[in-house]
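Morning, everyone. I have one structure to walk through today. Please have the viewer open.

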Amino acid sequence: MQALRKNKRDLLHAGTVIPAHPLALNEKRRLDEAHQRRLTRYYIAAEAGGIAVGVHSTQFEIRDPKVNLYETVLMLAAEEVEKAQLLYPFIKVAGICGPTEQAVKEAELAIKYNYDLGLLSMGGLQNWTEQQILDRVRAVAAVIPVFGFYLQPSVGGRIFSYDFWLEFAEIANIEAIKVAAFNRYQTLDVVRAVCHSSRSNEIALYTGNDDNIIADLLTTYRFTINGKTVEKEFVGGLLGHWAVWTHAAVQLLKEIKNCKASGRGDMADLLTKGIQVTDMNAAIFDSAHSFHGCIPGIHEVLRRQGLLDGRWCLNPQEELSAGQMEEIDRVCSAYPHLTDDAFVAEWLRSENPVKV
């Protein structure tokens, strides 16, 4: 069983920005290796604390035998991180999904490329009992440290009971949980369960609630358990939203941490900013059309910045929804302080210096 190194565990628990890595394609919907590698370098340059590869934003179709890109995207990202020769910890998370046999194989592949954690999706297992899913979690955790994942039902996840999360938290080698339920009640179930578990101090909570990022990161959950007060907070985010405007997200997390450390005096301004972030997310994630244009929305922002050549997806049916382009225009115009266009432009110039 692989364990998480101490310096990376310390970073994980301190809280960091982990973008969900997109998939760069050309107009023939084939892998665009140059832009795929460039995206990884962008996240490093933007000072993200890690990347998550092979996840929803990387497109689940990469696992289709006809596409067969899962191992490739893991390898490319790992190579770019290695080339960067970083002098500080950087967390590599591999998306893992499917039935137990597939999930274990993906965990083993992640280990092959020196990934630190496996983000274990619970999607696609609608007919499984909670106990069967917990057995699957134990099998994967026996291979690689696990980043749990509560995925919202509207994009293939399912609702789990409080008792499920209580038992989940007790599994050895669970290092973190990403809560992307997009629901306050279900988010509360996870936090309360972790707090009531014997491993409450060993599990880092990360928001995946792209509709509620700042409020999640500002909130202290507090419970009285056996006569003692137990508190828990979301310390960072593993987010598709943070696949774009990443340098701005890093600055935002610093602002949130400073606010919490200084007594939360400027929390009102951050909560207002939180609504702005949610408005931006509604546009790029296409909440008006049940998230149909989520991945193309991410790609469109990256295309505008010059980080991708287009917004092509493996599935030709995945395109921007009607009116989504106009919504992206609107939020980019309304909230320029939450974008990193200037940073990206300067970084791209440094990547491609003009020869004279």
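This is a predicted model: local features need pLDDT of at least 70, side-chain atom pairs count only at pLDDT 80 or more; totals for chains, interfaces and linings use all residues.

Overall picture. The protein has 13 helices and nine strands. Along the principal axes, the C-alpha atoms fill a box of roughly 70 × 50 × 45 Å. Of the 356 residues, 56% are buried. Now contacts. Take those with a sequence separation of 6 or more: 78% of them join residues 24 or more positions apart.

Next, the core. In soluble globular proteins, nonpolar side chains tend to be buried together. Here the largest nonpolar core holds 104 residues. Which members touch the most others? Tyr 115, Val 140, Trp 165, Phe 168 and Ile 177 do. By element, helix H9 gives the most to this core, with seven residues. There is also a second, separate core of 20 residues, and Leu 119, Phe 147, Tyr 206 and Leu 238 are among them.

Back to Trp 165. Set aside neighbours within four places in sequence. Trp 165 is then in contact with Phe 149, Tyr 150, Phe 160, Ile 177, Val 190 and Ala 193. Trp 165 also belongs to an aromatic cluster, together with Tyr 150, Phe 160, Phe 164 and Phe 168.

On to the rings. Searching the whole structure gives twelve aromatic pairs. I'll show one of them, Phe 160 with Phe 164. The centres are 4.1 Å apart and the planes are 20 degrees apart. Why is that pair called stacked? Because stacked requires planes under 30 degrees apart, and this pair has 20 degrees.

The charged end of Lys 92 sits over the ring of Tyr 115, 5.7 Å from the centre. That tyrosine is one of the core residues I listed for touching the most other members. The other case is Arg 192, whose charged end sits over the ring of Tyr 162 at 3.9 Å from the centre.

Now helix H10, residues 267-285. H10 has 19 residues. From first C-alpha to last, H10 reaches 26 Å, close to the 27 Å expected at 1.5 Å a residue. Its buried residues include Leu 270, Val 277, Met 280, Ile 284 and Phe 285. Lys 273, Gln 276 and Asn 281 are also buried. What covers the buried residues of H10? The cover includes helices H8 (213-218), H9 (246-261), H11 (294-305) and H12 (324-334). Just after H10, Asp 286 takes a positive phi of about 60 degrees.

Last stop, Ala 139, in helix H5 (residues 130-141). Ala 139 counts as partly exposed because its relative accessibility is 26%, between the 20% and 50% limits. Not counting residues up to four places away in sequence, Ala 139 touches Thr 100 and Val 104. Val 104 is 35 residues away in sequence, yet 6.9 Å away in space, C-alpha to C-alpha.

That's the tour. Questions, please.

Notes: Residues are numbered from 1 along each chain as its sequence is written. Side-chain values use heavy atoms; hydrogens and water are left out. Helices (H or I, at least four residues) and strands (E, at least two) are DSSP runs, numbered from the N terminus. The expected span of a helix is 1.5 Å times one less than its number of residues. Buried means under 20% relative accessible area, exposed over 50%, partly exposed in between (1.4 Å probe, protein chains only). Contact means heavy atoms within 4.5 Å. A nonpolar core is a set of buried Ala, Val, Leu, Ile, Met, Phe, Trp, Tyr and Cys residues joined through side-chain atoms within 4.5 Å. Rings of Phe, Tyr and Trp (its six-membered ring) pair if their centres lie within 6.5 Å; planes under 30 degrees apart count as stacked, over 60 as edge-to-face and the rest as tilted. A charge sits over a ring if NZ of Lys or CZ of Arg is within 6 Å of the ring centre and within 35 degrees of the ring normal.
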